Amino acid sequence: MTAATLARPAPLSRGLRFELVKLVSQWRIRLVVLACWVAPGLFVAAVSQQSTLPVDTLFGRWMHATGWAGPLVMLGFAGTWALPLLTSLVAGDVFASEDRLGTWRHLLVAVRSPRRIFVAKSLGALTVLVLMVAGLVFSSALGGVLAVGNQPLVGLDGHLLSAGDAGARVLLAWACVLAPTLALAAIGLLGSVLLGKSPMGLLLPAVVALALQLAQMLPIPVSVRLALPGYAYIAWNGLFTSPAQWGPLLIGIGVGLLWAVTATALAYVLFLRRDFTSLASDGTGRRALLFGVLPLTALLVASIVVIGAATGVSGSGIGQDKVQRSVATAFAHLYRLQTGQLNRPDVTEAQLATTADCNKGGGQRDPEGAGNDWRCVITWHLPDTTATGQAIYQLDLTPDGRYMADGDGPKEVNGYFLVHTPAGDAPNPLWQFDGNVDLLSTTPKG
Amino acid sequence: MDRPRAVRARGITKCFGVVVALDEIDLDVAPGQIHGLVGPNGAGKTTLLGLLLGLAVADSGKLEILGTPIRRALDAPDGVAGFVDGPGLYPSLTARQNLAALARLRGRDPRGAGIDEALDQVGLTDVADDRAGGFSLGMRQRLGLAAALLAQPRLLILDEPSNGLDPVGSRHVHRVLSGLAAEGTSIVLSSHRMDDVEALCSEVTIVATGRVVFSGPLSKLAAENRELDYRLRTSDPVKARALASEAAGITVVADEVVRALVPALDELVTRLVRENVAIRELTPVVSPLEAAFLNLTQEGTP
């Protein structure tokens, strides 16, 4: 027997393959991947054929008009439920499963490098997660386009996006929400490393996502709202206005990625510090929990301070001017759309010179912030006449800046759900419409 | 030419916080030797096996595995395989898939990795395509051994390999381990089953509370031991009891049970035969190893 050479660690590519084999061999992972590739398409196609549309979900009211509304409805649903649960299922379990099965020592002996194990596991989870998200996008887009067609999409401010532009923005919106999804996945990795066999490790991304959603429903300051890692799940809406609201979206993506990097780095450090010979240890304990939670809290506080200082926006970010501008813009775009439907001579937004006069609580309350008591009187001009048109809308405005405007007369403009067009009855775009307020914009445009 | 020892440990100490798991442990394992590691629960056996597998590094002391000094965790040399704290298996994979995934991880083509042979050696050919999640503890132990065999080990580390094995499984494992040792593979195994250790191991190390209380050949252990209880069944129990009572160095503990050292026992046997008392059974009530284990590990226990 001669002195042996030291065993070399298994290359990362082999480690990754090993992790993928383990993940894909699980029935629940296979079923969920299959569901991600099949269910959204069937759902979108089925809903698009219904007479009642999910108008509470953004773009739901346009599902009859274009196939590109389907993947956006799916995106709204995914940001709330599907993506947090998928990250829980995959990333929340990737380390904890080895604790549950008691296979850490076996894996370490086989791979001989905790670093490579960590990277392989993270990449394995990421691969499966991206596969699932790709399924959601592809399936819902295909279902929508096949069932309804490749038609132009009405944007969030009422302007019309060509079918090609809509398709590209749908893909871009889904790409943007990868950032908060990665943040949740990294929190899942951290929870999986920290909490070992505990079921909390598995549930952590879903619990964090739920907490983030609850926070977004509260009237918190804009800087706090944007500093939360799930904000890009909301901020993608800004891609469907003209001009696109890049500010909140880019901040949301940046914060999401920062959280992803920080939580992954914390998980990495804690994982490397773990002693795998100690049988008593199946996680890294309460002290490490402190090390995991404190840095992320510090990151949140630092993000709030930096965003607050950099944007200079305080309070809710929802002011009277912004609401009036947003409602007037959306109305003008949609008025043109209605004009086209009714086969009337086209008018431009400039000719209409639409303005809105909005108040809150019947003028008794400070016109600032979210609420369902916003009321707007919209005024517009028609060419070759001195008379002005007026319409009233009740707004339900949520703290994240999104609103639904419900027509409150006159009935000729927004009183009926349908309008009579030469080609038959069609949904009246002015009856009810969605819009949003750019929380960061400070100066009036145009 | 001197062949390096498979394991050479000197003064190994390992602590977990304030708990001293191993305290100045010495261990030598020769090539081709099956070395038993026994001790009460919490004695430090699994920690020691973990160090031999390279899962961690000792806080102090010197450790050489297959002639290679170990200075960092996971620095174990090629040719070291085995498991501690149960075999690492993935329940969603079949027995064959578990081994194939492991072979690929080690950079080997599963088709030429000897998976079928390994499964055959441990007697799992019939269930090769069943998911490991449905396996009994004994089957998992055997699959863990098959996984270790794929690495063509020169040093095999096994933590409680006999756990959950039925007699057939136990025979498979014994045959495999004896065959490996005959080919020059060194094996260090821990076990709570003294019959297994006695049947397999040529040398044994007994650890208690992190310290070595005995290390050496089994024969030396028996010789060093104090008096043992033997069951003595004869054709004339009354006469045999009388003769035993008179004999020097013999204590009659109960009917047909005497306590003695081996030389005194030899004399009693000679005398019984001379007095025309036929001996029908003469066996230790507990095995020499078990007796030694109990003596050594209970010393100092209140």
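Two strands count as paired if DSSP finds at least two bridges between them. Strands (E, at least two residues) and helices (H or I, at least four) are DSSP runs, numbered from the N terminus. The model is predicted, so local features need pLDDT of at least 70 and side-chain atom pairs count only at pLDDT 80 or more, while totals for chains, interfaces and linings use all residues. Residues are numbered from 1 along each chain as its sequence is written, and chains are lettered from A and ligands numbered from 1 in the order in which they are written.

**Exercise 1. Work out the strand order of the open sheet of 4 strands in chain B, and find its edge strands.**

Step 1. Follow the pairing across the sheet: the order is E12-E13-E11-E14, and the pairing is antiparallel.

Step 2. Look for strands that pair on one side only: these are E12 (250–254) and E14 (279–284) of chain B.

Step 3. Check the twist, which averages 30° from one strand to the next.

Step 4. Zoom in on one pair. E12(B) and E13 (residues 257–260) of chain B are joined by 4 bridges, and B:Ile250 sits opposite B:Ala260 in E13(B).

Step 5. H8 (residues 237–246) of chain B lies across E11 (228–234), E12 and E13 of chain B, at about 135° to E12(B). Here axes are lines fitted to C-alpha atoms, for helices over the stretch in contact, and angles run from 0 to 180 degrees between N-to-C directions.

**Exercise 2. Describe the hairpin formed by E1(B) and E2(B).**

Step 1. Count the bridges: 7 of them join E1 (residues 7–16) to E2 (residues 19–29) of chain B, and the two strands run antiparallel.

Step 2. Pick a partner pair, such as B:Lys14 with B:Leu22 in E2(B).

Step 3. Turn to the turn: 2 residues lie between the strands, and B:Gly17 there has a positive phi of about 65°.

**Exercise 3. Is B:Ala132 buried or exposed?**

Step 1. Locate B:Ala132: the loop between H3 (115–121) and H4 (137–150) of chain B.

Step 2. Apply the cut-offs: with C-beta atoms placed from the backbone, buried takes 20 or more others within 10 Å, exposed 12 or fewer, and partly exposed falls in between.

Step 3. B:Ala132 is buried, because it has 23 C-beta neighbours inside 10 Å.

Step 4. Beyond four places in sequence, its contacts include B:Leu89, B:Tyr90 and B:Arg140.

**Exercise 4. Find out how confident the predictor is.**

Step 1. Take pLDDT, the predictor's confidence in each residue from 0 to 100: chain B averages 89, and 96% of its residues score at least 70.

Step 2. For the complex, the ipTM is 0.82 and the pTM is 0.87.

Key. Contact = placed C-beta atoms within 7 Å.
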